[in-house]
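I set out to look up one residue and its surroundings, and then to turn to the annotated spans of each chain. My entries follow.

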Amino acid sequence: MHRGKGMKFVGDSRVPAERNPNIPKDYSEFPGKTEAFWPNFLLKEWMVGAVFLIGYLILTIVHESPLEKKADPTDAGYIPLPDWYFLFLYQLLKYKYAAGDYVLIGTVIIPGLAFGALMLAPFLDKGLERRPSKRPIATGLMLLGLISVTYLTWESVVTHDWEKAKTQGKIVDVSFDENDPGYKIYQKQSCVGCHGNTLTGGASGPSLIGTGLKPEEIMKIAKEGKPPGMPPNAFKGSDDELKQLAEFISKLEQK
Amino acid sequence: MLQKIYDWVDERLDITPLWRDVADHEVPEHVNPAHHFSAFVYCFGGLTFFITVIQILSGMFLTMYYVPDIVNAWESVYYLQNEVAFGVIVRGMHHWGASLVIVMMFLHTLRVFFQGAYKKPRELNWVVGVLIFFVMLGLGFTGYLLPWDMKALFATKVGIEIAMTIPVVGPIAKTFLAGGEIIGAQTLTRFFAIHVFFLPAALLGLMGAHFLMIRKQGISGPL
C-alpha cells in the first residue's frame, strides 16, 4: 500500500483512492491442511447448523413448551421447582450443613468457591502444560465439580414429587356464566373466600368444579358443613337462594 | 449489478478491509472436522452463538404479543400459545433454546477447560467467557418468571429468598430485583426489563469482546 507523500484520497475523505484488489489471502504457507473460513468453511458450518436446527425444531414440535395455570400467590401448598440447570444449587440447600444455621455455606461459600475458581482458572493453573493428564489438580477438581453437579441434579430430580407437580399447576379450563344468579349468590356469600373467584379452590377450600354432587347434597353441605375445613352454617341466606346456588354448582363440569 | 453497487460503496467507504478482517481468516487443520472427525468438539462455541441468535430473534417476536403486567402476562402467553399462528413454535423455540444454550455453553466450557486453551495468552478470553455464562444463567432466571404461571412465581420467590440469605448484598439484590417487599407487579416489570434490555446488552458486549479476542489471537493450537 502507498504510504506517506503522494497519497490520494476519495474527495476530501480519509478513504485512500488507490484500490486494493479484492482477493483472499494465500494460506499455502500455513502449516497443515488449512482452509479459508470464507466461504469454504462457513458453508460446512452452515450445513451443520441446518442439521442442528432440524433437531431443535423436532424437539420444539414434539414437546410443547409448558404453561401452568396463572400465578396465584395464595396457593401455599405449591411445591416450587427452578429450571433444571439451577437444580444442583437448589438441592445443595437441602443438606444439613448447607441449610438452617449453616445456610451461608450452601448459598455463598460453596458456590462462591466453585464459581470463583472457575472464573480464575487461568490464574490458578498457570503451568505451561495443556494436556489434562499433565495437570492432574486442575483436571481432578473439574471432574469433582462435574460429579457433584451431576449427583446433586440427579438427587433433586429423584426426590421431587413429579406426580404432584403434574397436577398442582394444571390449567383448569372451566367456563361458566358469570351472570348466572347462582354465581352472584356465590360471590355474595362467604364461599368465594375459600373456593376462589373461579370456583377452582384455593389454600383452604377444594375446587367446586365437577364435584358430581346433586343439588340436594350441596345444599346439605352448605348448611351442615363438611369436616374438617367446611364449617356448618356457612350459608346465610334464603332457601330460594340456596337452591339456586346448589343448582349452579352441581352443573359445573370440567371441560 | 451487485458488483457495481459493491464497488460504488467500496470506493467511498473502503469496506473491503472491514469485512476481510471479520471473515477472511484461516481455519487450521486441527479444528476442521473434515480432516479430523474428533474436531467436532470445536462446534460447541459456534452452536452456542447460533442458539443465541435464535433466542434473540424468537424473543423479538414474543415481545410482539407479551404484556409485562400481572393482569395480562399469563393471558398474553396463553393467547400466544393457543391462538397465534405459529405462536407455539416461536415460544417453544425460545423455551427449548434457553435449555440448549446452557448445554452447548457447558460443553464449550468443558472443551476449553480440558484442552487447557485458557492458558496464557488467553486468560482474559476465559474470564469473559465465564461472565457470559453468568449472564446466560441470569437470563434463564429472569425469563422463568415472565409467563407468570404457578411455577414461575414460586420458583422466583424461592430464588429471591435464597438470595436474601447472603449478608449485605442479599437485601440490596432483593430490592433491586423485586422492586419492593413482595414478588408482584413491580417484580414482573423489572424482570422483563432485565431480561429484555439489561442482560442482552451485557451479553452482546461480552460476546463482542469474546469474538474480538479470538480473532486477534487465533484459535489455540493442537494439543
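I looked up Ile54(B) and found 18 other C-beta atoms within 10 Å. I note that the model is a predicted one.

Entry 2, position and neighbours. I located Ile54(B) in helix α3 of chain B, which covers residues 43–62. Leaving aside residues up to four places away in sequence, I found that Ile54(B) touches Met93(B) and Gly97(B). I also checked Ala98(B): its C-alpha atom is 9.9 Å from that of Ile54(B), although 44 residues separate the two in sequence.

I consulted UniProt, where an unreviewed entry lists "transmembrane region" for residues 39–67, 96–114, 126–146, 158–179 and 191–214 of chain B. I then examined two of these spans in the model. For residues 96–114 of chain B I recorded 100% helix and 0% strand, with the end C-alpha atoms 27 Å apart. For residues 158–179 of chain B I recorded 77% helix and 0% strand, with 16 Å between the end C-alpha atoms.

Residues 46–63 of chain A are 94% helix and 0% strand, and their end C-alpha atoms lie 25 Å apart. Residues 102–124 of chain A are 91% helix and 0% strand, with the end C-alpha atoms 28 Å apart.

How values were computed: Residues are numbered from 1 along each chain as its sequence is written. Chains are lettered from A and ligands numbered from 1 in the order in which they are written. This is a predicted model: local features need pLDDT of at least 70, side-chain atom pairs count only at pLDDT 80 or more; totals for chains, interfaces and linings use all residues. Helices (H or I, at least four residues) and strands (E, at least two) are DSSP runs, numbered from the N terminus. A residue is buried if 20 or more other C-beta atoms lie within 10 Å of its own, exposed if 12 or fewer, and partly exposed in between; C-beta atoms are placed from the backbone. Two residues are in contact if their C-beta atoms, placed from the backbone, lie within 7 Å. UniProt positions are given in the numbering used here, feature names are shortened, and annotations may be inferred rather than shown by experiment.
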